[in-house]
Amino acid sequence: MSIEGYIINNFKNDNKEGIREAIEESVKSNDEVTLPGMGVFMKIIWSNASQKLKDEMLSIIESNLK
């Protein structure tokens, strides 16, 4: 099984609160081990986002890289 498949399978039955907690804990821990999971979540978001949401995310990323 791929890392992406493993992560999706791991969160398949989680509700929004469970996913939110996982994301917040990942960000708070600043542990690089969680980066693949965050990447999978980003891929899901990006693949399903409107152009407006993509532009908003890019603006947030760009402004925080300066």
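Contact here means heavy atoms within 4.5 Å.

**Figure 1. Overall fold of the chain in the predicted model.** The chain holds four helices and zero strands. Read from the N terminus, its elements follow the order α-α-α-α. The C-alpha trace spans about 35 × 25 × 25 Å along the principal axes.

**Figure 2. Surface and burial of the chain.** The chain has 66 residues, and 12% of these count as buried.

**Figure 3. Charges of the chain.** The chain carries 8 positive and 11 negative charges. The mean position of the positive charges and that of the negative charges are 7 Å apart.

Figure 4. The relative accessible area of Val 40 is 7%, so Val 40 counts as buried, the cut-off being under 20%.

**Figure 5. Surroundings of Val 40.** Neighbours within four places in sequence are left aside in this view. Val 40 is then in contact with Glu 4, Ile 7 and Ile 8. A further residue shown is Ile 3, which lies 37 residues from Val 40 in sequence. In space, Ile 3 and Val 40 are 8.7 Å apart, taken from C-alpha to C-alpha.

Notes
Residues are numbered from 1 along each chain as its sequence is written. This is a predicted model: local features need pLDDT of at least 70, side-chain atom pairs count only at pLDDT 80 or more; totals for chains, interfaces and linings use all residues. Side-chain values use heavy atoms; hydrogens and water are left out. Helices (H or I, at least four residues) and strands (E, at least two) are DSSP runs, numbered from the N terminus. Buried means under 20% relative accessible area, exposed over 50%, partly exposed in between (1.4 Å probe, protein chains only). Lys and Arg count as positive and Asp and Glu as negative; His and the chain ends are not counted. The place of a charge is taken as NZ of Lys, CZ of Arg, CG of Asp or CD of Glu.
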